[in-house]
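Trainee: I am new to this one. Please take me through a single part of it closely, and keep it brisk.

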Amino acid sequence: MFTGIIEELGTVEALDLLDGDAARLTIRGPKVTEDAGHGDSIAVNGCCLTVVEYGDGLFTADVMHETLKRTSLGSVEKGSKVNLERAVTAHARLGGHIVQGHVDGVGTIASRTPSEHWEDVRIAAGPEILKYIAEKGSIAVDGVSLTVTDVDDATGTFGISLIPTTLELTVLGANLVGDTVNLEVDVIAKYVERLLQAGTVAGGTE
């Protein structure tokens, strides 16, 4: 489990394809590897990956074809910057919100509007994602815990506001209009939907 508070910007050092249906990703991240161990979880742009090798400020993780296909990790290359966060520990502060590192889908940066002290960003997402997003609710964008400012079903977009720290210390500061980002919705919304569906079936209306 993660909090969506990014610890460091890492750099992709290598992306090696394995038999055409998987890849081995090597990332430089001195902070997140300072206490790393084999089998530890590190979120890379919001995707929970398992450490298989580590040392000298680097860690390596295997990425399945499904992850490459369904997340923005399929488009990273050597030199790409990525958001990194270690799994939360029991004694740590939960500064963001509960993030599982299980990406629900990708969105596209639709617009960026800078202002004096922050930047408003709109992200386009499909209806299968948008239905879980609520104004003032939480969402993880490339692993960053953010508050939704509004949802526009007519345009299929939602808004977020980025403070200077987020712009400076995460990949969201460099994303361009048209770039894809990983989205993870609040897991509570999905559980509520599942319970309502189960209640409908149990009630005999289906």
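Trainee: What is the relative accessible area of Cys48? After that, please give me a close look at strand 2 and what it pairs with.

Mentor: Start with the ground rules. This is a predicted model, where local features need pLDDT of at least 70 and side-chain atom pairs count only at pLDDT 80 or more, while totals for chains, interfaces and linings use all residues. Residues are numbered from 1 along each chain as its sequence is written, and side-chain values use heavy atoms, with hydrogens and water left out.

Now your cysteine. Cys48 has a relative accessible area of 30%, and that makes the residue partly exposed. The cut-offs are these: buried is under 20% relative accessible area, exposed is over 50%, and partly exposed is in between, with a 1.4 Å probe and protein chains only. A disulfide here is a pair of cysteine sulfur atoms within 2.5 Å. In general, a disulfide is a covalent bond between the sulfur atoms of two cysteines. By the distance rule, the count is 0 disulfides. Cys47 is in none: its nearest cysteine sulfur belongs to Cys48, 9.0 Å away. Cys48 is likewise in no disulfide, with the sulfur of Cys47 as the nearest, 9.0 Å away. Cys47 is buried, at 3% relative accessible area.

On to strand 2. Strands are DSSP runs of E, at least two residues long; helices are runs of H or I, at least four long; both are numbered from the N terminus. Strand 2 covers residues 22–28. It is mostly covered, with 5 of its 7 residues buried.

Next, its partners. Two strands pair if DSSP finds at least two bridges between them. In general, strands of a sheet pair through backbone hydrogen bonds, either parallel or antiparallel. Strand 2 pairs with strand 1 in the antiparallel sense, over 7 bridges. Across that pairing, Leu15 stands opposite Leu25. Strand 2 also joins strand 5, residues 58–64, by 7 bridges, and this pair runs antiparallel too.

Look at Thr26, which is found in strand 2. Its bridge partner in strand 5 is Thr60. The side chains of Thr26 and Thr60 also make a polar contact, at 3.1 Å. A polar contact is a pair of N or O atoms within 3.5 Å; within protein, one must be able to donate a hydrogen and the other to accept it, and residues adjacent in sequence count only if both atoms are side-chain atoms. Thr26 counts as buried, at 14% relative accessibility. Contact means heavy atoms within 4.5 Å. Leaving out residues up to four places away in sequence, Thr26 touches Thr11, Val12, Glu13, Ala14, Leu58, Phe59 and Thr60.

A salt bridge is a side-chain nitrogen of Lys or Arg within 4 Å of a carboxyl oxygen of Asp or Glu. The whole structure holds 12 of them. One joins Arg28 to Glu13, with the closest N and O atoms 3.4 Å apart. Arg28 lies in strand 2 and Glu13 in strand 1 (residues 8–18), so this pair ties together parts that are 15 residues apart in sequence. Both ends are partly exposed: Arg28 has a relative accessible area of 34%, and Glu13 has 29%.

Arg24 is partly exposed at 27%, and Glu53 is partly exposed at 43%.

Glu66 pairs with Arg70, with the closest N and O atoms 3.6 Å apart. They sit 4 residues apart in helix 1 (residues 65–70), separated by about one helical turn. Elsewhere, salt bridges with shared partners join Glu7, Glu34, Asp35 and Arg86 into one network.

One last stop, away from strand 2. Six strands form a closed barrel in the order 7-8-11-10-9-12, with antiparallel pairing. Strand 9 (residues 138–141) and strand 10 (residues 144–152) run antiparallel, joined by 4 bridges. There, Ile139 has Leu146 of strand 10 as its bridge partner.
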